[in-house]
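Work through the exercises below with the sequence and the model open beside you, and try each task before reading its solution.

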Amino acid sequence: MAYSKLLDAMDQQMPKNLLGLDLQELTALVEEAQQPAYRGRQIFHALYLERVLSLDQVSSLPKEFRALLASNGASVGVPAIQKKFVSTDGTVRYLIELSDGETVETVWMPEGDDGEDGDGSEAGEEFEKRIRGWRRATICVSSQVGCAVNCQFCLTALLGVKRNLNAGEIVGQVIAVLRDQKVTPPNDRVNLVFMGMGEPFLNFENFIKAVRLLVHGVGVPESRMTVSTAGIVPRIYDLGAEPVRPKLAISLNAPNDELRTRIMPLNKKWNFEKLLAAAREFPLRNRERLTVEYVLLGGINDSDTHARELAELVRGMKAKINLIALNHGPGIEFQTPEELRVAEFQRILTNAGVPAYVRKPRGRDIYAACGQLKRTLDVAT
């Protein structure tokens with residue numbers, strides 16, 4: 001095929017951003033350009049393992065082929081870091097700009113927030129090992145621009161939702177942060193939590209494709225990933241059927257239907273009966289525990305009675321509970337409970353035989369903590 005005809009043929013079908021394409025898609029792309037199939041693996045390696053920013057950096061490709069790709073408008077497509085906010089505790093909140101000008105937030109937490117403790121994975125077991133100098137970090141990743149779920153205690157809910165992120169934009173957040181922090185998994189122990197802006201299960205196909213790329217390309221083990229859902233029940237079953245998947249966390253936040261519907265309107269569609277059935281049927285791996293997340297709202301869902309109700313709900317489940325004292329922000333009507341109230345809530349659960357852990361708040365002073373992501377250029381005071 002003549003060069004000009006090849007150019008026209010490629011222009012009709014070539015994605016402008018290569019990040020987000022898997023090995024099969026990249027192989028098809030290079031073969032269409034009359035290149036040997038192994039060029040697809042070279043590009044895959046450059047995108048995800050080497051984490052290049054431009055095609056010029058893919059030195060394994062012939063210059064002519066790189067020029068052909070560039071002439072068709074193809075680029076790597078790593079999103080840009082528009083702004084960084086650094087907390088007094090070392091947490092970094094990144095404002096990430098996407099190719100269409102929209103922005104999302106991604107958070108880097110050195111030493112993590114202890115959210116994995118007790119979940120039965122290697123990442124969870126490091127809690128004990130850290131006292132001997134074991135180090136790790138956690139990246140909190142967004143899956144949508146905004147969020148449609150409308151949890152009443154979450155700042156992101158105030159944005160509504162604009163659109164889903166594609167797989168490349170999800171992976172791109174991780175790559176941008178890894179490059180900025182000069183970290184290289186799997187040698188450096190990095191955990192990923194899909195708990196940023198958006199509900200991952202309302203963007204399931206892009207989310208799960210990103211997971212596969214992060215595992216097979218970037219090198220983050222699936223045992224070091226956790227996805228949180230507000231309770232999209234059909235997708236809980238879908239996740240359980242995936243051969244490569246993160247650990248599951250369910251954001252429960254109330255011990256009964258009436259209270260949960262008040263603070264999480266999504267409960268009207270998938271109530272406690274449906275949600276808990278899906279949770280109990282979720283196929284856990286060897287030693288794995290389901291995580292139940294519970295945001296404590298002062299005077300709303302944090303009483304002794306609520307703690308005992310919650311203990312009864314999870315009794316018999318292979319689960320542990322992460323307690324999160326509300327991270328407050330402007331426009332949120334609820335209050336953060338006192339530390340003694342959080343400790344008593346935890347004590348009731350543990351005395352009832354339910355493993356319960358208090359999530360460490362990270363980056364509250366820069367609006368980077370759980371529930372605070374709102375693409376704000378301000379910082380908390």
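**Exercise 1.** List the residues in contact with Ile321, leaving aside its neighbours within four places in sequence.

*Solution.* Contact means heavy atoms within 4.5 Å. Leaving out neighbours within four places in sequence, Ile321 is in contact with Val292, Tyr294, Leu310, Val314, Leu349, Val354, Pro355, Ala356 and Tyr357. The model is predicted, so that local features need pLDDT of at least 70 and side-chain atom pairs count only at pLDDT 80 or more, whereas totals for chains, interfaces and linings use all residues. Residues are numbered from 1 along each chain as its sequence is written, and side-chain values use heavy atoms, with hydrogens and water left out.

**Exercise 2.** Which residues touch the most other members of the largest nonpolar core?

*Solution.* A nonpolar core is a set of buried Ala, Val, Leu, Ile, Met, Phe, Trp, Tyr and Cys residues joined through side-chain atoms within 4.5 Å, where buried means under 20% relative accessible area (1.4 Å probe, protein chains only). Of the 114 residues in the largest such core, Phe153 and Ile321 touch the most other members. Helix α7 gives the most to this core, with nine residues; helices are DSSP runs of H or I, at least four residues, numbered from the N terminus.

**Exercise 3.** Is Lys209 buried or exposed?

*Solution.* Lys209 is placed in helix α7. Its relative accessibility is 18%, and Lys209 therefore counts as buried. Not counting residues up to four places away in sequence, Lys209 touches Gly20, Leu21, Asp22, Glu25 and Ala167.

Conventions:
Buried < 20%, exposed > 50% of the residue type's maximum accessible area, 1.4 Å probe, protein only. Helix = DSSP H or I, 4+ residues; strand = E, 2+ residues; numbered from the N terminus.
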